[in-house]
Amino acid sequence: MHGGTVRNAEELARYVEDILRRGLGRCEAVAVGLAHGAAVNRTLGVALDADRELDAMKIGREARLASRQMGRQVGRIAGELGGWPLLRDFFTEVESDRSPGHLAVSLGLTLGSFGWQREDAIAAYLYQAVVGLVSAALRLLPIGQREAQRLLDGWLPLIVERSQEAESRRRMTSWTPVQDIYAMQHSRLAMRLFRS
């Protein structure tokens with residue numbers, strides 16, 4: 001948005017659709033699915049591997065740190081609910097700095113432990129991600145609440161499609177070079193409304 005790439009609702013729609021198709025939907029969504037499978041199959045190593053791979057793929061420092069912070073918060077909340085040894089073991093690894101604890105992995109493990117279906121867990125992650133983007137856009141672009149709701153509604157079929165595809169994938173990929181460049185430049189902006 002700062003670089004002038006996204007200036008209105010139509011450009012925001014294209015930007016988010018691109019991220020869902022080439023970034024979030026192929027990387028973080030797959031991490032959610034892998035972590036969900038780890039919860040269902042009680043395979044801590046799968047979750048730890050996905051967490052470390054996702055950390056290596058998050059090029060922008062601020063986005064990487066924000067994802068870790070949000071993932072640790074999910075862990076704290078899930079820990080308060082108690083009763084899931086795999087969650088406890090994962091978050092012990094995170095709190096000991098042996099695993100980064102990214103949001104996608106933390107959420108996938110938590111929702112899998114709570115009995116959610118894998119596709120639903122992935123869709124929940126993608127939906128909350130685009131809601132965050134729309135929330136930021138409401139502050140930065142000339143769009144209102146009604147337009148924001150229209151955009152969210154328009155992305156639902158793509159979220160479902162990406163969730164179904166990510167459900168069976170075992171390998172994370174991503175190709176969002178423009179997003180990565182803007183993310184890396186963010187820390188050097190003179191004015192910022194958001195941390196990442």
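Biologist: Which helix does S113 lie in?
Modeller: In this predicted model, S113 lies in helix α6.

Biologist: Is S113 buried or exposed?
Modeller: S113 has a relative accessible area of 17%. Buried means under 20%, so S113 is buried.

Biologist: Which backbone oxygen lies 2.8 Å from a polar atom of the S113 side chain?
Modeller: That is the backbone oxygen of L109.

Biologist: And leaving aside neighbours within four places in sequence, what is S113 in contact with?
Modeller: With that exclusion, S113 is in contact with A39, W84 and L87. A39 is itself one of the buried residues of α2.

Biologist: Then let us turn to α2. How many of its residues are buried?
Modeller: Twelve of the 14 residues of α2 are buried, and the helix is mostly covered. Among the buried ones are E28, H36 and G37, together with V30, V32 and L34.

Biologist: Which helices do those buried residues pack against?
Modeller: They pack against α3 (44-57), α5 (85-95), α6 (103-113), α7 (118-140) and α8 (145-168).

Biologist: What span does α2 reach, and what follows it?
Modeller: From first C-alpha to last, α2 (residues 28-41) reaches 20 Å, close to the 20 Å expected at 1.5 Å a residue. R42 follows the helix, with a positive phi near 55°.

Biologist: Changing topic, which residues have the most contacts inside the largest nonpolar core?
Modeller: Those are L12, V105, L109 and W155, in a core of 52 residues.

Key:
Residues numbered from 1 in each chain as written. Predicted model: local features only at pLDDT ≥ 70, side-chain atom pairs only at ≥ 80, totals over all residues. Heavy atoms only, no water. Helix = DSSP H or I, 4+ residues; strand = E, 2+ residues; numbered from the N terminus. Expected span 1.5 Å × (residues − 1). Buried < 20%, exposed > 50% of the residue type's maximum accessible area, 1.4 Å probe, protein only. Contact = heavy atoms within 4.5 Å. Core = buried A, V, L, I, M, F, W, Y, C linked by side-chain atoms within 4.5 Å. Polar contact = N/O pair within 3.5 Å; in protein donor to acceptor, adjacent residues only side chain to side chain.
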